Amino acid sequence: MDPLSKAIIEQLQQDGRRAYATIGKAVGLSEAAVRQRVQKLQDTGVIQIVAVTDPLTVGFSRQAMIGIRCEGDIEPVAEALSAMAEVAYVVATAGAFDLLAEVVTEDDDQLLEVINKGIRAIPQVRSTESFVYLKLHKQTYTWGTR
């Protein structure tokens, strides 16, 4: 990725609704060139432009990170987790867990159902450990590019 694309990404990390003309002035490109680069970054999956919400304010009162230990290949488990509507984030890890999955639900009953009837029902899942979120202190997406 070239320095101009990185500069555009950094502009969008600060404000995902920033006008292409404003970004163009900041990085030294025309509005049309910025629009084309942003579209290419989206099409190739490098970036997503979304509205990030506070789950509590939109009706999701329970969030948890679920540590998952698997037997055998973890890919089918990761795919099954990724297909679940309540799962917002899936990552393969090194250490105590094979996978981590962030789950966002309306309440404790729904969280329990996702864990028991969803995650634990996947054949390769051997055990889970739940880390229920009590309060969100920081959530940022402005780490820049390297």
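**View 1. Lining of the largest pocket.** The largest pocket of this predicted model is lined by 31 residues, and Gln-48, Val-50, Val-52, Gln-139 and Tyr-141 lie nearest its centre. Two or more lining residues come from each of α1 (3-14), β2 (87-92) and β3 (99-105), and α1 gives the most, with 3 residues. Helices (H or I, at least four residues) and strands (E, at least two) are DSSP runs, numbered from the N terminus. The space in this pocket is about 1,200 Å³. By class, the lining has 18 nonpolar, 10 polar and 3 charged residues; Ala, Val, Leu, Ile, Met, Phe, Trp, Tyr, Cys and Pro count as nonpolar, Asp, Glu, Lys and Arg as charged, and the others, Gly among them, as polar. A pocket is an open set of points on a 1 Å grid over the protein atoms alone, where a 1.4 Å probe fits, with protein on both sides within 12 Å along at least five of seven lines; lining residues have an atom within 4 Å of a point. Grid points are joined across faces, edges and corners, and the volume is the space filled by probe spheres set on them.

View 2. Thr-105 is buried, with a relative accessible area of 0% (buried: under 20%, 1.4 Å probe, protein chains only). Its side chain reaches the backbone oxygen of Asp-107 at 3.1 Å. Beyond four places in sequence, Thr-105 touches Phe-60, Ser-61, Arg-62, Glu-86, Gln-110, Leu-111 and Val-114 (contact: heavy atoms within 4.5 Å).

View 3. Apart from neighbours within four places in sequence, Gln-63 is in contact with Pro-55, Glu-102, Val-103, Val-104, Phe-131, Val-132 and Tyr-133.

**View 4. The nonpolar cores.** The largest nonpolar core has 18 residues, and those with the most contacts inside it are Ile-66, Ile-68, Val-77, Leu-81, Leu-99, Val-103 and Ile-119. At least two residues of this core come from each of β1, α4 (75-82), β3 and α5 (108-119). A second, separate core of 9 residues includes Ile-9, Leu-12, Val-27 and Ile-47. Such a core is a set of buried Ala, Val, Leu, Ile, Met, Phe, Trp, Tyr and Cys residues joined through side-chain atoms within 4.5 Å.

**Notes to all views.** Residues are numbered from 1 along each chain as its sequence is written, and side-chain values use heavy atoms, with hydrogens and water left out. Local features need pLDDT of at least 70 and side-chain atom pairs count only at pLDDT 80 or more, whereas totals for chains, interfaces and linings use all residues.

Terms used
Buried means under 20% relative accessible area, exposed over 50%, partly exposed in between (1.4 Å probe, protein chains only). A polar contact is a pair of N or O atoms within 3.5 Å; within protein, one must be able to donate a hydrogen and the other to accept it, and residues adjacent in sequence count only if both atoms are side-chain atoms.
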